[in-house]
Amino acid sequence: MKNAIGVDVPNCVEGVGELEPFRGAWAKLGKGRINEVQVARPAKAILPHADKLVPTLAEAIAKCDPHDGMTISFHHHLRSGDSAVIAAIGLLRGMGIRDITLASSSLTPAHDALLPYIQDGTITRIWTSGIREKLGEAITQGALEHPVMIHSHGGRVRAIKTGRIAIDLAIIAASAADNEGNATGCHGPSAFGSIGYAMVDAEFARNVIVVTDNLVPFPCLPMSIKQTCVDYVVKIDSIGDPSKIASDTTRITKSPMDLFIAEMASKVIEHSGVMRQGFSFQVGAGGASLAVAKFLREIMKKRDIKGGFALGGVTSYIVDMLNEGLFETIFDVQSFARRSVPPCATTRVMWKSVATIMPTRSTAAP
């Protein structure tokens with residue numbers, strides 16, 4: 001079959017299933033809206049104020065019906081400092097579980113240690129927004145049994161809500177949690193900011209385990225993950241290294257070409273007609289994108305324009321614009337620098353999921 005730009009694409013890919021060709025930017029909207037069938041959320045109930053604390057992650061996983069062919073999910077807010085994925089997959093391998101579908105919101109250099117689990121058949125499928133370094137190189141050379149499904153962050157939300165990704169077990173790392181499962185990434189020794197990417201996992205996974213290295217008295221506030229979605233809580237020694245959430249890709253570019261492109265992009269924004277009092281702004285965390293924010297910051301100061309909210313993966317540059325009064329609020333789905341994590345950041349930062357705040361945008365037609 002052909003897609004909207006006339007390229008032949010297969011009807012089906014072994015290990016993935018039936019494919020749907022791209023039919024145009026707004027084709028799925030039809031008459032103005034999308035009406036897709038959403039899977040039912042698990043109905044969970046326990047006795048009031050029951051203690052969900054389990055001594056070890058291995059015991060918690062054993063309580064969640066681990067089985068061959070299961071789908072397990074993680075979030076990547078700790079980026080290169082994450083350790084939860086490797087620990088959990090190692091435990092599942094020790095239980096003899098095979099043919100796992102890994103549905104992590106992204107995979108970073110911290111996950112290169114997954115390669116042996118791919119080579120021995122523990123992991124055979126992956127859904128993710130990106131794969132890097134040695135793990136990515138190995139997969140491009142055919143190390144994984146089935147094709148990897150690469151999606152956007154909003155596409156992941158849709159895939160989970162519609163059941164295309166059916167999560168058997170979600171393991172959510174939190175920098176603070178109480179023994180009933182309320183959890184946050186906003187404070188504690190390992191604070192990393194938002195847990196936005198994992199909110200949809202907590203809502204729709206059949207089983208949810210929160211792991212934390214900072215158990216706090218009930219209730220844990222502010223709660224990004226609610227106790228009504230959590231089955232078990234495990235206190236571990238460390239969820240990872242939050243100092244590694246930043247990387248070279250989250251610093252303003254020094255490339256003359258990238259800087260030229262960024263300056264031209266900022267001028268397009270300035271003269272587009274949308275840059276006015278109270279406008280909203282989203283920027284990526286890459287070097288060129290941050291340079292756009294730098295130029296935009298100068299334009300906003302020169303023209304005395306104050307924005308309503310900034311949105312996206314949040315870096316120190318966006319926090320600076322907030323603290324200078326150039327924006328009223330930040331909607332933060334992922335923190336890309338320690339300065340964007342409390343108490344470094346202002347309290348006007350809202351650590352919420354974009355998928356929760358604006359579902360029509362985060363689940364827009366791909």
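How many helices and strands are there in the chain? There are eleven helices and 16 strands, counted as DSSP runs numbered from the N terminus (helices: H or I, at least four residues; strands: E, at least two). The radius of gyration, taken over C-alpha atoms, is 21 Å, close to the 21 Å that the globule rule gives for 366 residues, so the chain is as compact as a globular protein of that length. That rule is 2.2 Å times the number of residues to the power 0.38.

**Ground rules**
- This is a predicted model, where local features need pLDDT of at least 70, side-chain atom pairs count only at pLDDT 80 or more, and totals for chains, interfaces and linings use all residues.
- Residues are numbered from 1 along each chain as its sequence is written, and side-chain values use heavy atoms, with hydrogens and water left out.

**Inside the chain**
- Buried residues (under 20% relative accessible area, 1.4 Å probe, protein chains only) make up 49% of the 366.
- Leaving aside residues up to four places away in sequence, Ile-171 touches (heavy atoms within 4.5 Å) residues including Leu-57, Phe-74 and Ile-209.

**A look at α5**
- Helix α5 covers residues 153-161, and its buried residues include Gly-154, Val-157 and Ile-160.
- After α5 comes Gly-163, with a positive phi near 90 degrees.

Technical notes:
Buried < 20%, exposed > 50% of the residue type's maximum accessible area, 1.4 Å probe, protein only.
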